[in-house]
Amino acid sequence: MSFSIKKEGEVVVVDVEGQLIVGNRQELKQKVLDELERGDKRFLIDFAQTGYIDSSGLGVLVSLSKKIREQGGELRLANLNDDLKTLFELTKLDTLFQIADTRERGLNSF
Amino acid sequence: MNASLDQRPGDEVRVVEVDIPSDVQYIERVVELVRHECRQMSFGTRQIMLNVPVALTEALSNAILRGNREDPGKTVHVIAWVDTHRLVVEVKDEGFGFDIDRCTIDPTTPENVEREDGRGLFLMRKLMDRVEHLEADRGSIVRMTLHRG
């Protein structure tokens, strides 16, 4: 499991490879907060290569979304597979996040 | 053989039994062991990709963080029985137990949806057919059952 971060135009794109769970959620949080501190405002997390997410991972996404909004920015998500979509629907987090079907649509949504 | 699996004549039962330290870094390995056996028993793709890993991660995480409070002197015992009908998995910690009904919140209400925590037990109960909390000798057990789909 790992996270890679790159800038695409004005958007910071984070790829989550593997799981986003209790054992690695702090790493994702810190990486995004570091970028936020550098002044970036637009964030897209791409789950195309993600296996599963647990409640801690969902909690970190909620936390990051709040912190980014507090700084006047926005966090959006892309490429949730059907299982991950179900997870977001079960927890109603699909109502909290703007979720794009593809990375490109996510990038264009800002 | 634990009576909870209710084995039928001729059924092959695969068993995973492991003790892990109270460290969340061990969770993924246990999940992979159990998922592997579910795959062998032809559980559904969604069950292997979503139900089993998420619910088991939650149970292990609760045992390590809440039950054992990450005490390096305590271990978490996991035993799973898998056959062609169902998965039964028990996660035992060395904590004081909890009231599963009182601890489960509904994270989907407007006042809870932006909470950063509180989704673990809710997800376990949504993703498994049955979740029970049992008192044990020096600890407590969460037993989860999922019928093959």
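Helices, as counted here, are DSSP runs of H or I with at least four residues, and strands are runs of E with at least two. On this basis, chain B of the predicted model contains four helices and five strands. Their order along the sequence of chain B is β-α-α-β-β-α-α-β-β.

The overall dimensions of chain B were examined next. A compact globule of 149 residues would have a radius of gyration near 15 Å, and the value for chain B is 15 Å, which agrees. The C-alpha trace of chain B extends over about 50 × 40 × 25 Å along its principal axes. Buried residues make up 39% of the 149 residues of chain B. Of the contacts in chain B between residues at least 6 apart in sequence, 62% link residues at least 24 apart.

B:V91 belongs to strand β3 of chain B, which covers residues 86-93. B:V91 counts as buried because it has 25 C-beta neighbours inside 10 Å, the threshold being 20 or more. When neighbours within four places in sequence are set aside, the contacts of B:V91 are B:A59, B:L60, B:A63, B:V76, B:V78, B:I141 and B:V142. The C-alpha atoms of B:V91 and B:H133 are 9.7 Å apart, although 42 residues separate the two in sequence.

A contrasting position in chain B is B:S42, in the loop between α1 (27-40) and α2 (45-67). B:S42 counts as exposed because it has 9 C-beta neighbours inside 10 Å, where exposure requires 12 or fewer. The phi of B:S42 is positive, about 60 degrees, although the residue is not a glycine. Most residues other than glycine have a negative phi.

β1(A) and β2(A) run antiparallel and are joined by seven bridges. Within this pairing, A:F3 is opposite A:V16 of β2(A). The hairpin of β1(A) and β2(A) has two residues between the strands, and A:G9 in this hairpin adopts a positive phi near 65 degrees. β2(A) is also paired with β3(A), in this case in parallel, through five bridges. A:V14 has A:I45 in β3(A) as its bridge partner. In β3(A), four of the five residues are buried, and the strand is mostly covered.

The buried residues of α1(A) include A:R25, A:L28 and A:V32. These residues cover an arc of only 70 degrees around the axis, which places them on the same side of α1(A). An α-helix has 3.6 residues a turn, so residues three or four places apart point the same way. The buried residues of α1(A) pack against β1 (2-8), β2 (11-20), β3 (42-46) and α2 of chain A. On the face of α1(A) turned away from the buried side are the exposed residues A:Q26, A:Q30, A:D34 and A:E37. After α1(A) comes A:G39, with a positive phi near 110 degrees.

A further positive phi in chain A, about 60 degrees, occurs at A:K92, which is not a glycine. A:K92 is located in the loop between α3 and β6 (98-100) of chain A. A:K92 counts as partly exposed because it has 15 C-beta neighbours inside 10 Å, between the limits of 12 and 20 that separate exposed from buried residues.

The interface between the two chains brings 20 residues of chain A into contact with 22 residues of chain B. On the chain A side, the elements that give two or more residues are α2 (55-70) and α3 (82-90). α2(A) provides the largest share of that side, with six residues. By type, the residues of chain A that touch chain B comprise eight nonpolar, nine polar and three charged.

Notes: Residues are numbered from 1 along each chain as its sequence is written. Chains are lettered from A and ligands numbered from 1 in the order in which they are written. This is a predicted model: local features need pLDDT of at least 70, side-chain atom pairs count only at pLDDT 80 or more; totals for chains, interfaces and linings use all residues. Two residues are in contact if their C-beta atoms, placed from the backbone, lie within 7 Å. Ala, Val, Leu, Ile, Met, Phe, Trp, Tyr, Cys and Pro count as nonpolar, Asp, Glu, Lys and Arg as charged, and the others, Gly among them, as polar. The arc is that of the directions from the helix axis to the C-beta atoms. The radius of gyration is taken over C-alpha atoms; the globule rule is 2.2 Å times the number of residues to the power 0.38. Two strands pair if DSSP finds at least two bridges between them.
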